[in-house]
Amino acid sequence: MIMILFGPPGCGKGTQASLIAKNKNYIHLSTGDMLREAVKNKTETGIKAASIMEQGKLVSDDVVINIIKERIEEKDCEHGVILDGFPRTLSQAKELDNMLLENNMNVDLVIEFAVNDEILLSRIEGRFSCSECGSGYNDDTKMPLKEGICDECGSSNFIRRKDDNRETASKRLESYNRETLPLLPYYKDKEILFSINGLANIEKVTNKIMSLI
Ligand code: AMP
């Protein structure tokens, strides 16, 4: 199973990708997470990507395609992959199809999260995560059960993404609307595109995705 969770920043696709991956034993591949890891480790890719990411712009197609290609061909991806934040341009989508074809695979399912831009911006501003295990939280909708302690791993260290401020988030939304939304007809034509209400509560969205799988 190769599925793509498709939607603007803050729509909840990262949260859903990690829930579904756990449940179905799929591998969750987020190009944003992979790039942030590269930035943290100061790799060549990370150094190049850091300032682009801080400006809310898209990293070049070549860079993200290479990161995905290296990872998706690993053995543990054979059972199932959830792509989160990739592809984001038509050339990434076409390149993904080519790399899958080389391995006799194809994209099976694309799920679009339908949401509203203003709600997205406040969601983005409120979000933070555990710096140890990556579990996601939000000031408005999902605080840790015990204040200051991660529900999953008990750590008390939390981080906020540098690009999760209103100004950069608005730029990320603009780039989504300009460069990524035009991808939808590509998947619609293949008849593998389904749209869901991304504003429903987390459990409802998960159930909907599970039924589509
Ligand atoms: P995300 O965590 O998906 O919101 O991604 C954070 C940032 O990483 C984006 O604003 C881009 O700068 C970069 N990025 C992530 N995925 C891609 C992609 N598929 N193509 C280009 N840039 C990306």
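Predicted model: local features only at pLDDT ≥ 70, side-chain atom pairs only at ≥ 80, totals over all residues.
Reader: What does glutamine 92 do with a nitrogen atom of the ligand?
Author: A polar side-chain atom of glutamine 92 lies 2.9 Å from that nitrogen. Residues are numbered from 1 along each chain as its sequence is written, and side-chain values use heavy atoms, without hydrogens and water.

Reader: And which ligand atom does arginine 161 face?
Author: An oxygen atom, 3.1 Å from a polar side-chain atom of arginine 161. The protein covers 97% of the 470 Å² of accessible area that the ligand has on its own (Shrake-Rupley method, 1.4 Å probe).

Reader: How many residues surround the ligand?
Author: 16, with Thr31, Lys57, Gly85, Arg88 and Gln92 the closest. The cut-off is a heavy atom within 4 Å. Helix H2 (residues 31-40) gives the most to this shell, four residues. Helices are DSSP runs of H or I, at least four residues, and strands are E runs of at least two.

Reader: New topic. Which residues have the most contacts inside the largest nonpolar core?
Author: Ile4, Leu35, Ile72, Leu83, Leu96, Val107 and Tyr187, in a core of 31 residues. Such a core joins buried Ala, Val, Leu, Ile, Met, Phe, Trp, Tyr and Cys residues through side-chain atoms within 4.5 Å. Buried means under 20% relative accessible area (1.4 Å probe, protein chains only).

Reader: Which helix supplies the largest share?
Author: H4, with six residues.

Definitions and conventions:
Buried < 20%, exposed > 50% of the residue type's maximum accessible area, 1.4 Å probe, protein only. Polar contact = N/O pair within 3.5 Å; in protein donor to acceptor, adjacent residues only side chain to side chain.
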